[in-house]
Every structure is written in structure tokens, then in C-alpha cells.
Amino acid sequence: MADLKASVKERITGLHSDLIEVSHKMYAEPELAYEEVRSAELLCELLEGNGMTVERSAHGLKTAFRATAGTSGPHVI
């Protein structure tokens, strides 16, 4: 489990600049609840750009998405 935590921490650290950029874009153009279309798209693009499979409009909500990576191991939903 320690290896997994270290791997996740390393990955997030490597994405630091991208995460800050996305947060600044979201802050610059705030959206109302359940209308976060631009924010959802920014996040989906970031996830896809880092190898994840993204399902847009998940669970019947246009602003919801589900991202998956890999086929085994711990899952976060």
C-alpha cells in the first residue's frame, strides 16, 4: 500500500502545473451549480490527456463525468 501511495503522490506532483492552470481557468469563469459545462470539459480534457478514459454526461447529468484508468487494483468512484 505504501508503494501505491507513493505512486499517486508522485503522479499528482507531476501534474501540479496542469492542475493549477485548470483551477485558475475555472476561477476566472465561475459557473452556477449543475451548469458547470466549461469546468467539466476542462477536467475531462485534463484526465483524457493523462491517459484516462472519460465518460461525459455520466449518470444523466450533463456536467457529470466518470474517469477510469487501468483494469485492476483499487477503484475510486
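**Helix 2 against helix 3**

Biologist: Which residues of helix 2 and helix 3 meet in this predicted model?

Modeller: From helix 2, Asp-18, Leu-19, Val-22, Lys-25 and Met-26 are in contact with Ser-39, Leu-42, Leu-43 and Leu-46 of helix 3. Sorted by class, the contact of helix 2 with helix 3 holds six nonpolar, one polar and two charged residues.

Biologist: Why are helix 2 and helix 3 called roughly antiparallel?

Modeller: The axes of helix 2, residues 16-28, and helix 3, residues 37-49, come within 10 Å and cross at roughly 170 degrees. Angles over 145 degrees count as roughly antiparallel, and therefore helix 2 and helix 3 are described as roughly antiparallel to each other. The crossing of this pair, helix 2 with helix 3, is right-handed.

Biologist: What joins the side chains of Ser-39 and Glu-31, and how do you know that the term applies?

Modeller: The side chains of Ser-39 and Glu-31 are joined at 2.7 Å, and a pair of N or O atoms has to lie within 3.5 Å to be a polar contact, so the pair Ser-39 and Glu-31 is listed as a polar contact. With neighbours within four places in sequence left aside, Ser-39 is in contact with Met-26 and Glu-31.

Biologist: Where does this pair of helices sit in the order of elements along the sequence?

Modeller: The protein has three helices and two strands, which follow the pattern α-α-α-β-β along the sequence.

Conventions:
Residues are numbered from 1 along each chain as its sequence is written. This is a predicted model: local features need pLDDT of at least 70, side-chain atom pairs count only at pLDDT 80 or more; totals for chains, interfaces and linings use all residues. Side-chain values use heavy atoms; hydrogens and water are left out. Axes are lines fitted to C-alpha atoms, for helices over the stretch in contact, and angles run from 0 to 180 degrees between N-to-C directions. Helices (H or I, at least four residues) and strands (E, at least two) are DSSP runs, numbered from the N terminus. Angles under 35 degrees count as roughly parallel, over 145 as roughly antiparallel, 65 to 115 as roughly perpendicular and the rest as oblique. A crossing is left-handed if the near helix is turned anticlockwise from the far one by less than a right angle, and right-handed if clockwise. Contact means heavy atoms within 4.5 Å. Ala, Val, Leu, Ile, Met, Phe, Trp, Tyr, Cys and Pro count as nonpolar, Asp, Glu, Lys and Arg as charged, and the others, Gly among them, as polar. A polar contact is a pair of N or O atoms within 3.5 Å; within protein, one must be able to donate a hydrogen and the other to accept it, and residues adjacent in sequence count only if both atoms are side-chain atoms.
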